[in-house]
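Hi,

Here's the structure I promised to pass on to you.

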Amino acid sequence: MAITEEFKQELKSRTDIADVISSYVQLKRSGRNLVGLCPFHNEKSPSFSVSRENGFFYCFGCGAGGDAITFIRRIENLDYVDAVKLLAQRAGMTVPEGPSDNGMGKLKTRILEANREAARFYHRMLYTPEGRQALDYLRGRGLSEKTIIHFGLGYSPRDRFELVNHLKSKGFSGNEIIQANLANQSQKGYPFDRFSDRVMFPIIDLRGNVIGFGGRIMSDIKPKYLNTSDTPVFNKSRNLFALQFAKNKANGQLILVEGYMDVIALHQAGFENAVATLGTSLTQDQAMIIKRYCDEVVICYDADEAGQKATQRAIGILRPTGVKIKILTVPNGKDPDEFIRSHGQQGNARFRMLLEKSGNDIEYRLEKLRGIFNTDIPGQKVEFLTKAAEQIAQLDNPVEQDVYISQLSRELDVEKDAIKRLVNKNNKRNYREYKKEEIRQVQLDLSAADDRLNKEKRLNLRGANAEEAIIAMMIYDPDTALMISKELSADVFVTGFNRRIYEILKKRVDSGMEISPQDISGDLTEEEMGRVTKMLMSHPREKSPDTAAREYMQVLAEQSERLTPEQAASADNDTIMEQLRRLREKKK
């Protein structure tokens, strides 16, 4: 769908970026801007800045940046058109219908339609004679008819062509079915059902779209669970099962469990704030999503060795987000589903008692250490305290640290000051490592040594910085943009990435169009928009923009005449002598 220039300008005039972002991030005024904790990476102090005046946001910590559309794309995991639609709906506007294109937008729409039809098909199959075993399985796990319908559970037939044939009868092509990962492709090129003889769990996003499926086999065939692979509409690392329900029931807390059945059993028991990952370990993206919808997360993984390892890993990923972490360990090695069913009508009350008694992650880790070391033996007591001090040092709040230091002092009959010295030693080491990493990142940024977007920048820092200043001035000042566009050729740009940005701006200027961040976000990826915003933050408005622009243009003119290291390495003698002659001429 092509978004017209007129529509984009009206949307821009009706969209206040600060209002949009404040729906997701708590912002506070700092000078002319608003600041808050970045929703795209883990941080303890605010480095996320929003400029209402200029219509962009930027995070000094992770480099995320752009306009309101870019923010919505990132926070809601949407493509450009869907982000525009969401903002338009927010502004009380309707995106005009236009001819559909044949690109990614159309493919995503078709995949979502195919998924929705597949979910309906699987659910119907559950109530056929062929699906009787799957229905009995779900009922045997204690699920009511209401719960089965609520989650849209279903059954994939044993026949590997039944779904494909059904979708084709509805007008879907074999390629669309394969792109949705509902089917695999045979060696002869024919699509066949990906899921076979499995109980099906639809995965639904926050807007109610079926974006993928999980399928559980009812025999001993491996794998036990089969999940949709990543598709144009589904990324298993950036979604959570049942979040579309749980977000409205969270009330500040989410329960994180391992599997689909655990989530469903908890929801049926009244714990409708439960979610699960999608066949993978917890990811940083999922941790940031959890942070968005709660202040506290209760990790309730299986009590076996694999579950305990997953718990430790999840703690490490969740702690930097700032959410409070509690650990619920189900007794006797049961998972939440088994525990609730084993207590019949008391299952709900019993689980609620476990939930209320669950301790935080530091208590969990200390308890694990107690199981490793025998503190009645002096040497092991020292090892225990050394490890415990490392854990306590991870707490940001000094009051919390003091509470646990005091507890260990009483428990082990060790002087409080001795334990405190151990903790402080770790505090200092953690701070040194943090500052060391901070300095390293600044050095990398200044040298552009690890610049993935503009790999040529490190070879010509002076020219690339001049290019970035020119791009910033064009966006900030329309009159200066017009002058630059008339006098500066894209050919003098020394880096390909900046040249492409300049060409986008120049084309709009030459056509009489505006070039604010929102005007160009449709031409750039989220990462590229972050880089353009960084240019704006690094090069504030000039008091004499025309004069500054001409100085930077002169730098580019000089830099464009120089040989790059690669050119110099392969240049013949005549070329090198000509370069030296030009340099001597400029010095006269």
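Predicted model: local features only at pLDDT ≥ 70, side-chain atom pairs only at ≥ 80, totals over all residues.

**The whole chain**

The protein chain has 27 helices and 16 strands. Its C-alpha trace spans about 90 × 75 × 50 Å along the principal axes. Out of 588 residues, 47% count as buried. If you take the contacts with a separation of 6 or more, 64% of them come from residues 24 or more positions apart.

**The cores**

The largest nonpolar core has 62 residues, and the ones touching the most other members are Tyr122, Leu138, Leu182, Phe213, Phe241, Ile255 and Phe351. Which helix gives this core its largest share? That's H5 (residues 104–126), with 10 residues. Another core, of 34 residues, lies apart from this one; Ala466, Met483, Ile515 and Ala549 are among its members.

**Leucine 138**

Is leucine 138 buried or exposed? Its relative accessibility is 0%, so leucine 138 counts as buried. Leaving out neighbours up to four places away in sequence, leucine 138 touches Leu126, Leu143, Ile148, Leu153, Val199 and Met261. Take Ile148 as an example: it is 10 residues from leucine 138 in sequence, and the two C-alpha atoms are 7.9 Å apart in space.

**Helix H15**

Now go to H15, residues 347–357, where the buried residues are Gly347, Phe351, Leu354 and Leu355. Why do these residues line one face of the helix? Looking down the axis of H15, you'd see its buried residues fall within an arc of 100°, so they line one face. There's a handy rule behind this kind of pattern: an α-helix has 3.6 residues a turn, so residues three or four places apart point the same way. On the face of H15 turned away from the buried side you'll find the exposed residues Glu356 and Lys357.

And what do the buried residues of H15 pack against? Their partners are strands E12 (253–257), E14 (296–299) and E15 (324–327), along with helices H11 (260–268) and H14 (336–342).

Definitions and conventions:
Residues numbered from 1 in each chain as written. Heavy atoms only, no water. Core = buried A, V, L, I, M, F, W, Y, C linked by side-chain atoms within 4.5 Å. Buried < 20%, exposed > 50% of the residue type's maximum accessible area, 1.4 Å probe, protein only. Helix = DSSP H or I, 4+ residues; strand = E, 2+ residues; numbered from the N terminus. Contact = heavy atoms within 4.5 Å. Arc of directions from axis to C-beta.
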